[in-house]
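Here is an explanation of where open space lies in a protein model. Read it with the structure in view.

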Amino acid sequence: MTSISPLAATAQQKASAQRTITHEGTETDNLFTRIGVRPIVNGRGTFTIISGSRSMPEVKQAMYDASFYFVHLDELMDAVGKELGQLTGAEWGIATTGCEAAIALATIACIAGTDPEKSQALPYIKARDQVIIPKHSRNPYDFGVRMTGVEIVEVNSAEQLRSKLSERTAMIYILSGPDAEQGPLSIPNICTMAMEKGVPVFVDAAAEEPLVPNIHIQHGASLVGYSGGKCMRGPQSSGMLIGQKDLCRAAYFQAAPHHNYGRAYKCSKEEVMGLLAAVRQWYKRDHAAEQQEWLSWLQYIERRVKGLPSVTTEYLQPEDLSNRSPRLRIKWDANVLKITGTELVARLDAGTPRILVDGGTGTRPAHMASSVTIMPYMMDPGEDHIIADAIYEGLTKPGHYEDPVIPTGATAQVNGKWAIAIQYSRGVGEQHFVLEQSGETLTGRQQGELYKADLKGTIHANQLELHSNMTVSGNTIPWAFRGMVEGNTVSGTVSMGEYGDASWKATRV
């Protein structure tokens, strides 16, 4: 009897497994529907909340193949770092767990370098404890900077930037986009001023195409961060940090598997190799052909609906390298077609297959000019027909929609001061409102626990509705309060966009 060596047996097992692993499932019966989750036909784009992008076949294969082996992660990241640098035209690169991780690790690298004592003292002790961010670059993703514990120094002019650069400045963070390409605080100008003081500059280019030569490095950026799960169609939880070799290596030094401040940012061998496969493939893809295919899908959808009464269309072109794809906006009069854009978006979301599009406008009864927008960036061949058919059916067989019922009766008086208790899914928030009333129109001030906002709303009989957009650090929280007035109390629900819903109760002070 011939014996088989353990290595040979393992190789046979791998080959056998590779032959048997295939894509299983249908539109209505798959691993998601079996646990009660409805998959989406994505006509919206690379939004993380709807799981980003479809990874490319080469990425899936690389991640699958990588899963069979054990490697030393330091050796792996060195090899991959060198190749990422070669591919992108940078000195070096590392794979990260998303671009937000790249932002945080870049910040830590600029604070502590590869000094283990400085790393272990974080976030409490740091000599360089400030990061400068131009006002045009404040955004929800600069949380990656803030979470390291640094002080954010916001500047709005070149003079302010020069005056704020000091020994305490660890880094300058810039969000790439049209606002950062012009004026005194453009990326090139900021890089010039930063170089004079030896301060690193990080450019957040998460959704951009990684062109070669890299435009941001050409402008003088020290580091540039990208999402691996957007246009490159790598693993959704991957990112790429490229730039100066010493800073890239310091960023990896601060991350897992090392027991430093960035230990939470663990990038697996599967994600590393999947990201590398995506970057390799990016520079092989026929991007002109992809753009033409996306346009052809939109043209098919346009042809399907353009002859309908009151329907007009327009194409929206990208302003920069982020989400670089045309979009189609379909516009109509809901008085004619009997369905608004927001109603159509809800219908598509509730339908089978479930379809999400880029945006919808139009509300009853005052704003009947309606639209939806389709983004083909993450669509597959054939999904243009699915989306076109669903939109056509919604516009030609809309069903029946009623205008919202406006309550009648004596208008409750709510002007004055109110104490607010908001019951979150965990915890209670205490706020205060000061309301002014003119007939059915409400204005006022919302004093939150930490932040403030202006309130606007209406009251019809005893039904109250108030809206605000609360400016917080780098972001806004939308509040939509709806409630019933009963004497000196109001109770109802509040919607906070991505932050969910809660119940609230107000008591007149």
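Which helices and strands each supply at least two residues of the lining of the largest pocket? They are strand S1 (40-43), helix H2 (57-66) and helix H15 (383-396). The model is predicted, so local features need pLDDT of at least 70 and side-chain atom pairs count only at pLDDT 80 or more, while totals for chains, interfaces and linings use all residues. Residues are numbered from 1 along each chain as its sequence is written, and side-chain values use heavy atoms, without hydrogens and water.

Some terms come first. On a 1 Å grid over the protein atoms alone, a pocket is an open set of points where a 1.4 Å probe fits, with protein on both sides within 12 Å along at least five of seven lines; its lining residues have an atom within 4 Å of a point. Grid points are joined across faces, edges and corners, and a volume is the space filled by probe spheres set on the points. Helices (H or I, at least four residues) and strands (E, at least two) are DSSP runs, numbered from the N terminus.

The largest pocket has a volume of about 1,700 Å³. It is lined by 43 residues, and His23, Leu31, Phe32, Pro39 and Arg54 are the closest to its centre. Helix H2 gives the most to this lining, with five residues.

The second largest pocket holds about 1,300 Å³ of space. Among its 43 lining residues, Thr46, Tyr141, Ala207, Lys230 and Asn323 lie nearest the centre. Helix H4 (99-112) and strand S19 (475-486) each supply at least two residues of this lining, and H4 gives the most, with three.
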